[in-house]
Amino acid sequence: MTFNVIDQYNSFVENNFIKSNESQVNVLKKINSIWDENKKTNLFSTSKKIDGVYLYGKVGTGKTFILNLFYQNSKVGKKIHFNNLMIKIHDVIKKSSNKDEAIEYFIKDFGKKFKLLFIDEMHIFNIVDALIIKKIFFYLAKYKIFLIISSNFHPDKLYENGLQRNDFLPFINLIKSNFEVINVQINTD
């Protein structure tokens, strides 16, 4: 029997680092189940393969804690704050004459090292990020990088009232159709 993310959570509870929260345990179990299923899915599988998990909820619901806990137990992924990811993407774009090619090369190279990416605190506030995010996620899916994302916003609320938001709506549809969207409903921090 292997030590898993639920065992780690229970260890934190037993050592009084955290108080047990049934909602957090249920979210961890669900993410773990989706990740396990994703690893098993292959060309001959009849189940629809999803691109990842999108956790959202109010500030203080434990989204980052859940992400960190799963990250520490996965041993196959990389964790990055959304702002840092976008800084890296913009830097890659600036150094290239072909934006699409630069993004694809960056993601392809990343996919050679990692098959699981944890993106913490995803939010879209500016038009530049809004216009390139779908392309980034397209390449993440193309190179089979499974995502676990945390956000304070339901996908429908991302880039709300932003400039040219109609151009951003396909990204929202991509999240809602290709990701397991989970509301982390916890009232205590």
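Which residues in α4 meet which residues in α6? The legends below begin with that contact in this predicted model.

**View 1. Helix α4 crosses helix α6.**
Phe82, Met86, Ile89, His90 and Ile93 form the α4 side of the contact. From α6, they meet Val128, Asp129, Ile132, Ile133 and Ile136. By class, the contact has 8 nonpolar, 1 polar and 1 charged residues. Helix α4 covers residues 82-94, and helix α6 covers residues 127-142. Their axes come within 12 Å and cross at roughly 85°. An angle of 65 to 115 degrees counts as roughly perpendicular, so α4 is roughly perpendicular to α6.

**View 2. Five parallel strands make an open sheet.**
The 5 strands are ordered β2-β3-β4-β1-β5, and their pairing is parallel. β2 (77-81) and β5 are the edge strands. Each of these two pairs on one side only. On average, neighbouring strands are turned by 15° against each other, direction ignored. Helix α4 packs on this sheet, where α4 touches β2 and β3. The direction of α4 makes about 95° with that of β2.

**View 3. Bridges link the strands of the sheet.**
β2 and β3 run parallel and are joined by 5 bridges. Gly77 has Leu116 in β3 as its bridge partner. Between β3 and β4 there are 4 bridges, again in the parallel sense. Here Phe118 is partnered by Ile148 in β4. β1 and β4 also run parallel, with 5 bridges joining them.

**View 4. Strand β3 is mostly covered.**
Of the 5 residues in β3, 5 are buried. In a regular strand, side chains alternate between the two faces of the sheet. Leu116, Phe118 and Asp120 point one way from β3. Leu117 and Ile119 point the other way. The charged residue Asp120 is buried along with the rest.

Helix α2 runs over residues 22-40. At 1.5 Å a residue, its 19 residues should span 27 Å. The end C-alpha atoms are 27 Å apart, which agrees. The buried residues of α2 are Gln24, Val25, Val27, Leu28, Ile31, Asn32, Ile34, Trp35 and Asn38. These residues pack against two helices, α1 (5-14) and α3 (63-74). They also pack against the strands β1 (52-56), β3 (116-120), β4 (146-151) and β5 (179-183).

**View 5. Glu121 has a positive phi.**
Most residues other than glycine have a negative phi. Glu121 is not a glycine, yet its phi is positive, about 60°. Glu121 sits in the loop between β3 and α6. Is Glu121 buried or partly exposed? Its relative accessible area is 38%, so Glu121 is partly exposed.

**View 6. Gln164 also has a positive phi.**
Gln164 is another residue other than glycine with a positive phi, here near 50°. Where is the place of Gln164? It lies in the loop between β4 and α7 (169-178). With a relative accessibility of 48%, Gln164 counts as partly exposed.

Key. Residues numbered from 1 in each chain as written. Predicted model: local features only at pLDDT ≥ 70, side-chain atom pairs only at ≥ 80, totals over all residues. Heavy atoms only, no water. Axes fitted to C-alpha atoms, helices over the stretch in contact; angles between N-to-C directions. Parallel < 35°, antiparallel > 145°, perpendicular 65-115°, else oblique. Contact = heavy atoms within 4.5 Å. Expected span 1.5 Å × (residues − 1). Buried < 20%, exposed > 50% of the residue type's maximum accessible area, 1.4 Å probe, protein only. Pairing = 2+ DSSP bridges.
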